[in-house]
Amino acid sequence: MLSYIIRRTLVSIPVILLMAFVVFYLIRQVPAGPFDFVGDRALPPAIRENLEKRYHLDWPLMWQFTSYVVGDDVALGVCNVAGFIPGCDIIKETPEGVSRGLIRGDLGESMKQRGRSINTIVGNSFPVSLQLGILSIILGLLIGIPAGVLAALRQNSWVDYLASFVAVLGLSIPSMVIGPVLIVVFAVKLGWLPAAQWGAPPPYTLGIIPPLTWDFFKHTIMPVIALGTGLSASIARLTRASLLQVIREDYIRTARAKGLKERVVIVRHALKNSLIPVVTILGPMVAGVVTGTFVIELIFAIPGMGKYFIDSITNRDYTLITSVSVIYGVLLVAANMLVDITYGWLDPRIRLD
Amino acid sequence: MAVAQQTVTHDHVAPKNAKGPWADAFTRLLKNPAAVVSMLFILFLLLIAILAEQLNPYVLQGFSDAVEVQPAYAKQTLADNSKSFGAVSTGTTTEGFVYWLGADHLGRDILSRTMYGARVSLAVAFIASAVSLFIGLVYGLVSGYAGGRVDDLMMRVVDLLYGLPIIIIVILLQVYFKALGRQTDVSGFVGAVLNLNRSLGGLLFLFVALGALNWLGMARIARGQTLSYKRQEFVEAAEAVGATPRRILFTHLLPNILGPCIVAETLAIPGYILTEAFLSFIGLGVDPPTASWGIMLNESYKAIRSSPHMIVGPAVALSLTVLAFNFLGDGLRDVFDPRMRE
C-alpha cells in the first residue's frame with residue numbers, strides 16, 4: 001500500500017508540473033500583462049520595465065518557469081557555473097531573487113498585491129474554501145445516501161418516485177440560482193441569516209477547523225446548502241441505482257436465507273458494496289466542488305481561494321494564477337488517490353499494486 | 001424481449017416487419033412521459049431560439065437598442081425603485097408593450113433577453129456536444145481498434161488529462177481567446193476566425209473550450225465499446241474480405257457503438273449548459289451584450305437585494321432546460337441500456 005502511494009505520488013509530480021507549465025505559458029500569452037495598467041491608466045514605461053524586471057518577466061520563458069519551480073537562486077547558480085546557456089546574460093543582471101521555488105514550498109510573490117506572498121494569501125483563503133467544500137460534500141452525503149437507500153428499498157413506490165424526481169430537480173437547479181434565491185428569502189425577506197461574508201476569520205485550529213460557533217454556522221448555512229444540493233442529488237441517484245443492483249446479488253439472498261435481520265442485511269451486506277460507485281464519483285466531484293466554490297464565493301462574497309483565483313485572472317496576477325492552479329491540481333490528484341485507496345479498502349477484490 | 005430483438009438485428013436476419021434498432025428505440029422512448037415532455041420542451045425552446053427576433057417586439061439584443069425602451073422605465077417613478085436605476089419589475093413602453101418579467105438594470109426587457117439566451121444555451125448543448133462526440137468517437141475508435149502500444153499510449157494521455165482540473169485550463173483558454181478576440185487588426189485566416197467569433201458573440205471559442213473539456217469521457221466510452229465489438233464475427237468477416245481499417249472503423253464499428261455514445265453525450269449535455277452558464281457567470285463566457293442566462297444570472301445576483309425580479313427569467317429558463325435534458329438523457333439511457341429496465 002505504501003509503495004502504491006509513493007508511486008502514485010511520483011507519477012503525479014510530472015503531471016502537476018505539466019499543468020503548471022501550461023497555465024504558466026497560457027497566461028503569459030494573453031495580451032495585456034499585470035503591469036500594463038493601474039486601474040484605467042497606463043503605467044509609465046520606465047516603472048513598468050522596473051516592475052517587470054523585479055518579477056523576472058524579462059527572462060526567457062523557460063528560465064522563468066525553472067526559477068518558479070526550483071527557485072531564483074538555483075537559476076542564478078546555474079548561470080554562474082554555466083553562463084553559456086541562452087538567457088543567462090539577462091539572468092546574471094538580476095541579482096535579487098524573488099522566489100525560492102515550488103519545491104521548497106514557496107508559491108511566489110503576488111504581482112498585484114505587491115509584497116504579499118502567495119503563501120500568505122493562500123494560507124488565509126484556502127482553509128475557507130476547504131471548509132465550504134468539505135461541509136458541502138458532508139451535506140451531500142448526509143442527504144444523498146439516506147435518500148438513495150430509501151428510494152431503492154421502496155422501489156417503484158411514491159417514496160422512490162418523489163426522491164428520484166427531487167433528485168433530478170436538485171441536479172438541474174445550479175448553485176448560481178439556488179444561492180441568490182436563498183439570499184432573497186432568508187437574508188432579504190426574513191432577515192434570519194447574513195447574506196455575505198464568512199463567519200470566522202483565519203487562523204483556524206490545525207489550519208482548517210473553524211470555531212464551531214453560531215456566528216460561523218449562520219454564515220455557512222446558505223452557501224453550503226447552495227453548493228451541497230446538487231451533490232446530494234447526484235449521490236442519491238447513484239446510491240439508489242447501485243443499491244438496486246447489489247440487492248439482486250446472490251450473496252444478499254444468502255444473507256437473507258441465513259435468517260439475518262433485514263436491517264443487518266441492508267446495512268452490513270448491501271450498503272457497503274453499494275457505496276463503491278459513490279466513493280468513485282467523490283473524486284470527480286471534488287473538481288465540481290472547486291468550480292462550485294468559484295460561484296458560491298462570488299455570490300456570498302466569501303474570501304475564499306476561488307474568489308481570489310477569479311480576481312487574479314482579470315488582474316493578470318501571473319504568480320497567483322499559476323500557484324492557485326497548482327494547488328487545485330494537487331487537490332484533485334490527492335482526491336483521486338484517496339478515492340482509489342478507499343476503493344481498495346471497500347472492495348478487497350480490487351488490489352492496489 | 002427487446003434483448004432478443006437486438007441480437008436479431010446484429011445477425012442481419014431481421015424479420016420483415018421488424019423496425020430498425022433506432023426506430024425501435026424511439027418507440028420505446030415515446031413510452032416515457034417525462035422524456036416526451038422534455039423533448040417537446042426542447043423543441044419549443046429551439047423554436048424560440050430560432051425565432052427570437054420574430055417573436056419579440058423589442059430588439060434588445062444590443063446595448064444601444066435599449067435606448068428605444070428607455071421611456072418605459074422613465075415613466076416609472078424612480079421613488080418606487082430608488083435603489084435600482086433601470087431595473088423595474090413591471091412596466092410598459094411608450095408603444096404599449098408590457099415587460100412581462102420586468103426590465104434589467106439597463107432597462108432591457110428580461111423576457112426578450114431570456115429568449116435570446118436560449119440561443120446560446122442550445123447552441124452550446126448541440127454544437128459543443130457534437131464537437132466532443134466527434135473528437136471522442138474518433139479517438140476512442142482508433143485507440144480501441146489499434147490496440148497494443150498505440151492504445152496504451154493514447155489512453156495514458158487521456159488518463160493524464162483526466163487527472164487535471166480541466167476547468168482551470170478551460171478558464172485560461174477562455175481568457176486567452178477573449179483577449180485575442182479583442183484584437184481587431186489581425187488579417188488572414190486568424191482574422192477571419194476572430195471576426196466569425198465576434199459575430200457569434202464569443203460562442204465559437206466557447207465551443208472549442210467546452211469540446212476540449214469533455215471529449216475525454218467520450219473517448220473512454222467509445223474505446224470500451226470498440227473493444228467489445230472488434231473481436232466479433234462481423235469485424236473478422238470484414239477483415240477477411242480485405243476491408244481497409246478505415247472502412248472497418250467507420251462503416252462497421254461506428255454504427256454499432258454510436259447508440260451508447262449518443263446516450264452518454266446526451267447525459268453530458270446538462271453539464272455543457274451549466275458550464276457555459278458558469279463561464280458566462282464569472283465573465284468568461286459569451287461577450288456582453290450577447291444575452292446568456294449565465295450573464296443574466298450574474299447581473300441579477302449583483303442586484304439581488306434591490307431588484308430580485310431580475311433573477312426569475314434566467315433562473316427558471318436555465319433550470320427547466322437542464323431539467324429537460326436530464327430527463328431526456330435518463331429516458332434515452334433506459335431505452336438503450338436493457339439492464340435499467342425492470
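Modeller: Contact means heavy atoms within 4.5 Å. By that rule, the contact between the two chains takes 37 residues from chain B and 45 residues from chain A. This is a predicted model, in which local features need pLDDT of at least 70 and side-chain atom pairs count only at pLDDT 80 or more, whereas totals for chains, interfaces and linings use all residues. Residues are numbered from 1 along each chain as its sequence is written, chains are lettered from A and ligands numbered from 1 in the order in which they are written, and side-chain values use heavy atoms, with hydrogens and water left out.

Biologist: What area is buried between chain B and chain A?

Modeller: Buried area is the accessible area (1.4 Å probe) that two parts lose on being put together, summed over both. Between chain B and chain A it is about 3600 Å², with 81% given by carbon and sulfur atoms. On the side of chain B, Ile168(B), Leu172(B) and Tyr301(B) supply 15% of the area buried against chain A, more than any other three residues.

Biologist: How many salt bridges are counted between chain B and chain A?

Modeller: A salt bridge is a side-chain nitrogen of Lys or Arg within 4 Å of a carboxyl oxygen of Asp or Glu. The count between chain B and chain A is 1 salt bridge, and in it the side chains of Asp330(B) and Arg237(A) meet at 2.9 Å, N to O. Arg237(A) and Asp330(B) also belong to a network of salt bridges that links them with Arg333(B) and Asp334(B).

Biologist: Which elements give two or more residues to the side of chain B that touches chain A?

Modeller: Helices (H or I, at least four residues) and strands (E, at least two) are DSSP runs, numbered from the N terminus. The elements in question are helix H8 (166-181), H12, helix H13 (293-302) and helix H14 (312-336) of chain B. For residue classes, Ala, Val, Leu, Ile, Met, Phe, Trp, Tyr, Cys and Pro count as nonpolar, Asp, Glu, Lys and Arg as charged, and the others, Gly among them, as polar. The residues on this side of chain B divide into 27 nonpolar, 4 polar and 6 charged.

Biologist: Is Thr275(B) buried or exposed?

Modeller: Buried means under 20% relative accessible area, exposed over 50%, and partly exposed in between (1.4 Å probe, protein chains only). Thr275(B), placed in helix H12 (residues 245-281) of chain B, is buried because its relative accessible area is 13%. Not counting residues up to four places away in sequence, Thr275(B) touches Ile167(B), Leu210(B) and Leu213(B). Leu331(A), in helix H13 (residues 318-346) of chain A, counts as partly exposed because its relative accessibility is 24%. Leaving aside neighbours within four places in sequence, Leu331(A) is in contact with Phe126(A), Leu130(A), Val286(A) and Val290(A).

Biologist: Which parts of the chain does the pair Asp160(A) and Arg240(A) link?

Modeller: The side chains of Asp160(A) and Arg240(A) meet in a salt bridge at 2.7 Å, N to O. The pair links distant parts of the chain, 80 residues apart, with Asp160(A) in helix H7 (residues 158-172) and Arg240(A) in helix H9 (residues 214-247) of chain A. Both Asp160(A) and Arg240(A) are buried. In helix H10 (residues 250-257) of chain A, by contrast, Arg253(A) and Asp250(A) lie 3 residues apart, about one turn of the helix, and their side chains meet in a salt bridge at 3.9 Å, N to O. Arg253(A) is exposed at 56% relative accessible area, and Asp250(A) counts as exposed at 55%.
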